[in-house]
Amino acid sequence: MAYTDFIAAIDLGSSHMVGMVGAKGPAGTLSIIAYEVENSDTCIRRGCVYNIKDAAGKIVRLIRKLENKLGGSRIGKIYVGVGGQSLRSINHAVSKVLGSGTVTEEVLKELDQECRQYRPDMLDVLDIAAPVYYLDNQPETHPIGLGCSRIEAHYKLLVGRPSLRHAVTTNMAEQIKLDVAGVVVAPLALADLILTEQEKLKGCALIDFGAGVTSVTMYKDGSLAGLYVIPLGSHLITRDLMSLGMPEKEAERVKRTYGNAIWEKDNEQQMVTVDLADGQHSSEIKLSDINMVVEVRSREIIENIYSRMEDAGVAKDPGYSIVIAGNGAALKNMREALSERFKMDVRYASVRKDLIADGEMIANNPEYTTAAALLLKGTENCALYIAPEPERPKVVEPKIEPKEEPVIAEIEEKQEEPSVEKQSAATTKNRNSGTKKEEEKKNRKGWGIGDLFKNAVDKVGEGIDKALKDEQ
């Protein structure tokens, strides 16, 4: 089956990049069609592309793998998610004096246009969150139609280093020979996929534990309260375990199998067998030593998260909650460690069921969740339009109709029938010619042997008669 209308997106993660294709239904719900994964630890660090050529080659492979699952369709453009360590939110306010006027839709558009013209120094504005309006210093969610003397709009600008967008929209696009339909702020898209409107209204923070970075997206009263990206990820725990003499793959396995965000003293005497860096020998390490390393690094990441939430003014809000996502959230007792530090309810992330029509299990896999979130943000058809080949004009050859040979019966009908006189004359002629032929036949027969004998006797008789007359 060939697809003609779909959205394609690439999630540039620090440990792996995910390519995904999906289609939106009439209600805006997402159906996942295909997905593929490529390792990215050789080209992406802390959410930023540092080896463009290598990253482009991996993206091209992802595109080809996805196209093999699209029934002959081609991908013409892609959405790309960004979430590097330079990504964060900043505050920006725009105001307008109305006198004794009324807030109209035109007034809000003017405020929005003025905000979009703002260019912070050394930063690139990647997105703008919905503003919070203040009418004469009083917050108002729906200001249209209300009267005031002064209106002020408080925006959250999502900014990053200019190279963050440039690496994707220009350098990457030139390498992969594919248009970039749009750059999507990945943490913001992920929050929209996971957090409900009620959670945003009550107050909630989404913490995404990635391999290279940890992103914190906070909401309060239904609006974005702040977005920060901490340059600390779960891969640092793997690096710390390597200091115990094990190779990287073995350290990753030990972290996933035995790692614990809370050091449990009951396991001090337990030993764990690990492969050594030379690849030929193994050794035993105390589980307590492993967990000590894991807990120290986990605590550091948690403290950085708490500091960002304090900056946003939500760390001590009553009723505030936390949702954790990403592969790093699977670390044993990570939820308990967060709950203990923040004194808040903490739950694991799950995608909103009202947004996924098909492929919910795929979207709930931490490895693919961000890619699914990027698809939901897409609005353009990413299918490559292939113009049909023009029809060649048909050369109409002159039709030469073969001469129809008359049927024998028709020939006989078309032959001229002879008249009665001609038939009579022909009959008489045939009869005369028959009589002459009979006479000629008789004449030919008279010269037989009998006729010669008779002729000789007649001549002898004539001679005797002549002699008698002479004697008399």
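**Close-up 1. Tyr306 and Phe342, a buried couple.** Both Tyr306 and Phe342 are buried, where buried means under 20% relative accessible area, exposed means over 50% and partly exposed is in between (1.4 Å probe, protein chains only). This is a predicted model, so local features need pLDDT of at least 70 and side-chain atom pairs count only at pLDDT 80 or more, while totals for chains, interfaces and linings use all residues. Residues are numbered from 1 along each chain as its sequence is written, and side-chain values use heavy atoms, with hydrogens and water left out.

**Close-up 2. Tyr35 meets Tyr368.** Rings of Phe, Tyr and Trp (its six-membered ring) pair if their centres lie within 6.5 Å; planes under 30 degrees apart are called stacked, over 60 edge-to-face, and the rest tilted. That rule gives two aromatic pairs here. In one of them, the centres of Tyr35 and Tyr368 are 4.8 Å apart and the planes stand at 50 degrees, so this pair is tilted. Tyr35 belongs to strand β3 (residues 30-39) and Tyr368 to the loop between α10 (360-363) and α11 (369-377), so the pair ties together parts 333 residues apart in sequence. Helices (H or I, at least four residues) and strands (E, at least two) are DSSP runs, numbered from the N terminus. Tyr35 is partly exposed, at 28% relative accessible area, whereas Tyr368 is buried, at 12%.

**Close-up 3. Back to Tyr306 and Phe342, now as rings.** Their ring centres are 5.2 Å apart and their planes meet at 55 degrees, so this pair is tilted. Tyr306 sits in helix α8 (residues 287-311) and Phe342 in helix α9 (residues 334-342), so parts 36 residues apart in sequence are tied together.

**Close-up 4. Lysines over tyrosine rings.** A charge sits over a ring if NZ of Lys or CZ of Arg is within 6 Å of the ring centre and within 35 degrees of the ring normal. Lys69 lies over the face of Tyr35, 5.6 Å from the ring centre. Over at Tyr219, the charged end of Lys200 is 4.7 Å from the centre of the ring.

**Close-up 5. An open sheet of six strands.** The order is β12-β6-β1-β2-β3-β20, with mixed pairing; strands pair if DSSP finds at least two bridges between them. At the edges, β12 (179-185) and β20 (356-358) each pair on one side only. Strands β1 (residues 7-12) and β6 (residues 77-82) run parallel, joined by three bridges. Asp11 has Gly81 in β6 as its bridge partner.
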